[in-house]
Amino acid sequence: MGHLDHATFGWLTPVLSYAMACIGAALGLRCTVRALDATGRSRRNWLLTAASAIGTGIWTMHFVAMLGFGVTGTDIRYNVPLTILSLLIAMAVVGVGVFAVGHGRDRVRSLLIGGLTTGIGVASMHYMGMAALRLHGQVTYDPMLVALSVVIAVVAATAALWAALNIHAPAAVAVASLVMGAAVSSMHYTGMFAVRVEVAPSTAALPGATAMQFIFPLAVGLGSYLFITSAFVALSPTARERAAYASAERLTEPDERAVDVAPPGYRPEPATADTARAAASYAYPAGPVDGGRAHT
């Protein structure tokens, strides 16, 4: 059995992967909160952004951690199509869970369905990413640890969706994101501890790409996407802020309703001598009368 090293670069990959999981979770939660305050197309767009953020964060966490994975006695390569498919699965299943919560009328039922779907999807992404491994030997798994990793994924996903429904304060979202990142990282390393590799030494070339050739550039690109999207969401006003801005603008604008506007169809009558004298007396009222003469 080959020796498995989950941190060939020391603490760099575990800490960086945890940070990516937290960023993806924080961004996804904020987008879900925005979606619940919106309607129509705006809600759909926020939910799509939330799904892509959480899915990308989870996938990036997994493969940044895999940069530090090594097995003594064999090189490691990655099947490119399977790796990309694992990313698409992560975003798709997270999208199903997020939309179930965002559009479901029964919150409890939507939360359970969304959490179960998202958790199983996250676990599927992880093990499909592991299936993309190419090495000299045979990979097996401890069934109990695999089952435990799936349970952790479902619990973590359900907790994240619950937080999106019930936690709106930025500080609380930050704390929930740290917890979600820890849960996702725990799921990943529980699944990795389930791995067993029987190395079969060989000099044959392995198919696929190395982690630095493929995984690292893709992870950097997706990480940049998360940072840029985070900045966009942070600078984008919330629904309450937009309402406050609109209310402030209405208070500062002149009230045009105070202008005397004639009703539709109104036509003024021709002026007569009496009406002219009445208008003149209204505009220039006579002063106090002294001896029958007005003071001018």
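1. Buried means under 20% relative accessible area, exposed over 50%, and partly exposed in between, with a 1.4 Å probe and protein chains only. At 2% relative accessibility, Tyr78 therefore counts as buried, and Phe63, at 0%, counts as buried too.

2. This is a predicted model, in which local features need pLDDT of at least 70 and side-chain atom pairs count only at pLDDT 80 or more, while totals for chains, interfaces and linings use all residues. Side-chain values use heavy atoms, with hydrogens and water left out, and residues are numbered from 1 along each chain as its sequence is written.

3. Rings of Phe, Tyr and Trp (its six-membered ring) pair if their centres lie within 6.5 Å, and planes under 30 degrees apart count as stacked, over 60 as edge-to-face and the rest as tilted. By this rule there are three aromatic pairs. The ring centres of Phe63 and Tyr78 are 6.2 Å apart and their planes stand at 70°, so this pair is edge-to-face. Because Phe63 lies in helix α2 (residues 40-66) and Tyr78 in strand β3 (residues 76-78), the pair ties together parts that are 15 residues apart in sequence; helices (H or I, at least four residues) and strands (E, at least two) are DSSP runs, numbered from the N terminus.

4. Tyr127 and Tyr141 form an edge-to-face aromatic pair, with 5.6 Å from centre to centre and 80° between the planes. This pair links distant parts of the chain, since Tyr127 sits in helix α4 (residues 107-131) and Tyr141 in strand β5 (residues 137-141), 14 residues apart. Tyr127 counts as buried at 18% relative accessibility, whereas Tyr141, at 30%, counts as partly exposed.

5. Ring pairs also link Trp59, Phe63 and Tyr78 into a cluster.
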